[in-house]
Amino acid sequence: MKGNERNGALQTIVHGKVGVKLWLLAIPGVDVLRPGICPVCGQAGCPTGGDLGIVGHGLRERQFRGPPGPGQVPRVVLLHIRRFLCKCGAVLAVVPCETIPRRLYTSSAVGWALALFGVQRLSAVEVRRQTSPSRIIGAGGITDWPTLRRWVQAIRAGTLLCGLRTSPSEFTARQAAERAALGLASLGPPPSCEASVATRAFQGAVLAMR
Ligand SMILES: [Zn+2]
């Protein structure tokens, strides 16, 4: 949950329990997504026997990038997220569970990319091919993927995903990505199952947003 200024009003991000894939099939209803409690003032969303404390406040379009599942072709989807208004005046934007505030890629896409780079040791260009829906390559994109570099920097700073151990400063970018990917994988399905670290990091990254 993080606040950011938009159109002059303070908007607070609240992660819903529904992911991008299901959200794409149908926008979850107001009653499904209504926050149980306002993270700003503590007001109950739907108090028993009382008026609604948090009411629907319209839809807003938001873009999500990345593969829909591990190893699937990356794509861009446009979803409508639901906004709510609390009695305290706070605007609450309820978003799919893998939303990273102020970033267009899903947390799953980031987990996937970190594992491909840090564990599978793929080149940055190959990681981009398997993560980014864009086929337009900017300056330096022939040998590098600046987005991946920024993710690793943010992981090192502890500002991208929650619940990960920090890396020692002498770690290389690949080592920092590897540690983050293993941390995300540990949140995913148990290691006894057949899934690769990258698949488990993809799935575990959803839980790193809470
Ligand atoms: Zn409130």
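Is Arg121 buried or exposed, judged by the other C-beta atoms within 10 Å? In this predicted model, Arg121 has 11 other C-beta atoms within 10 Å and is therefore exposed, the limit for that class being 12 or fewer. Arg121 sits in the loop that runs between α3 and α4. Its phi angle is near 60°, which is a positive value in a residue that is not glycine.

A positive phi value is also found at Arg102, where the angle is near 65° and the residue is again other than glycine. Arg102 belongs to the loop between β5 (91–95) and α3. With 8 other C-beta atoms within 10 Å, Arg102 is exposed.

The domain assignment divides the chain into domain 1, covering 3–95, and domain 2, covering 107–209. Taken over C-alpha atoms, the centres of domain 1 and domain 2 are separated by 26 Å. Contact between them involves nine residues of domain 1 and 11 residues of domain 2. On the side of domain 1 that touches domain 2, the elements giving two or more residues are β3 (54–66) and β4 (75–86). The residues on that side of domain 1 comprise four nonpolar, three polar and two charged.

Helix α1 (residues 20–25) contains Leu24. Leu24 has 14 C-beta neighbours inside 10 Å and so counts as partly exposed, a class that lies between the limits of 12 or fewer for exposed and 20 or more for buried. When residues up to four places away in sequence are not counted, Leu24 touches Val77 and Leu79. Leu24 and Pro96 are 72 residues apart along the chain, and their C-alpha atoms are separated by 9.9 Å.

The packing of α3 was examined against two helices, α7 and α4. Two packed helices are described by the angle between their axes and by the distance between those axes. For helix α3 (residues 107–118) and helix α7 (residues 197–204), the angle is about 155° and the axes are 7 Å apart. Because angles over 145 degrees count as roughly antiparallel, α3 and α7 are roughly antiparallel to each other. Their crossing is right-handed. On the α3 side the contact is formed by Ser108, Gly111, Trp112, Leu114, Ala115 and Leu116, which meet Val197, Ala198, Ala201, Phe202 and Gly204 of α7. The residues of this contact of α3 with α7 are eight nonpolar and three polar, with no charged residue.

For α3 and helix α4 (residues 124–131), the axes come within 9 Å and cross at roughly 150°. This angle makes α3 roughly antiparallel to α4. The crossing in which α3 passes α4 is right-handed. Ala109, Trp112, Ala113, Leu116 and Phe117 of α3 make the contact with Ala124, Val127, Gln130 and Thr131 of α4. By class, the residues of the contact of α3 with α4 are seven nonpolar and two polar, and no charged residue takes part. Trp112 and Leu116 of α3 are among the residues in the contact with α7, and Trp112 and Leu116 are also listed in the contact with α4.

Technical notes
Residues are numbered from 1 along each chain as its sequence is written. This is a predicted model: local features need pLDDT of at least 70, side-chain atom pairs count only at pLDDT 80 or more; totals for chains, interfaces and linings use all residues. Domain bounds come from an automatic or database domain assignment. Two residues are in contact if their C-beta atoms, placed from the backbone, lie within 7 Å. Helices (H or I, at least four residues) and strands (E, at least two) are DSSP runs, numbered from the N terminus. Ala, Val, Leu, Ile, Met, Phe, Trp, Tyr, Cys and Pro count as nonpolar, Asp, Glu, Lys and Arg as charged, and the others, Gly among them, as polar. Axes are lines fitted to C-alpha atoms, for helices over the stretch in contact, and angles run from 0 to 180 degrees between N-to-C directions. Angles under 35 degrees count as roughly parallel, over 145 as roughly antiparallel, 65 to 115 as roughly perpendicular and the rest as oblique. A crossing is left-handed if the near helix is turned anticlockwise from the far one by less than a right angle, and right-handed if clockwise.
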